[in-house]
Amino acid sequence: WSAAVGLALAGGRGAFEAAGDCATIRLHGDCHPGNVLWTDDGPHFVDLDDCRSGPAIQDLWMLLSGDRAAMTAQLEAV
């Protein structure tokens, strides 16, 4: 188990190094349609226990689900 964890951590470090510098912002962290409540005032994000810093795209890709065609339609709507 220890060897497997070591390999996983080394792989993760390598991926971050290969990506280079990346601007980060505060994110919801678990942004999917079930965590968005709609009222007359507009959307309200709930379930903020997974907030973190990361690339801005993370919360957008969490909103997408389904096959490629469904995700393309969802992304166009966003």
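Modeller: Asp50 is partly exposed, because its relative accessible area is 25%. The scale is simple: buried means under 20% relative accessible area, exposed means over 50%, and partly exposed lies in between (1.4 Å probe, protein chains only). This is a predicted model, in which local features need pLDDT of at least 70 and side-chain atom pairs count only at pLDDT 80 or more, while totals for chains, interfaces and linings use all residues. Residues are numbered from 1 along each chain as its sequence is written, and side-chain values use heavy atoms, with hydrogens and water left out.

Asp50 has a partner. Arg52 forms a salt bridge with Asp50, and their closest N and O atoms are 4.0 Å apart. The term asks for a side-chain nitrogen of Lys or Arg within 4 Å of a carboxyl oxygen of Asp or Glu. Side chains of opposite charge can pair when their charged atoms come close. The structure holds one salt bridge. Arg52 counts as partly exposed because its relative accessibility is 35%.

Now turn to Asp30. Asp30 sits in the loop between strand S1 (25-27) and strand S2. Strands are DSSP runs (E, at least two residues), helices are DSSP runs too (H or I, at least four), and both are numbered from the N terminus. Asp30 is buried, yet it has no salt bridge. Its nearest side chain of opposite charge is Arg52, 7.5 Å away. For charge, Lys and Arg count as positive and Asp and Glu as negative; His and the chain ends are not counted. Setting aside neighbours within four places in sequence, Asp30 is in contact with Asn35, Asp47, Asp50, Asp59 and Met62. Contact here means heavy atoms within 4.5 Å.

Next, the strands. S2 (residues 36-39) and S3 (residues 42-45) run antiparallel, joined by four bridges. Strands pair if DSSP finds at least two bridges between them. A hairpin links S2 to S3 through two residues. Val36 stands opposite Phe45 in S3.

Last, helix H2 (residues 57-62). H2 gives the most to the nonpolar patch, with three residues. Leu60 lies in H2, and it is partly exposed because its relative accessible area is 34%.
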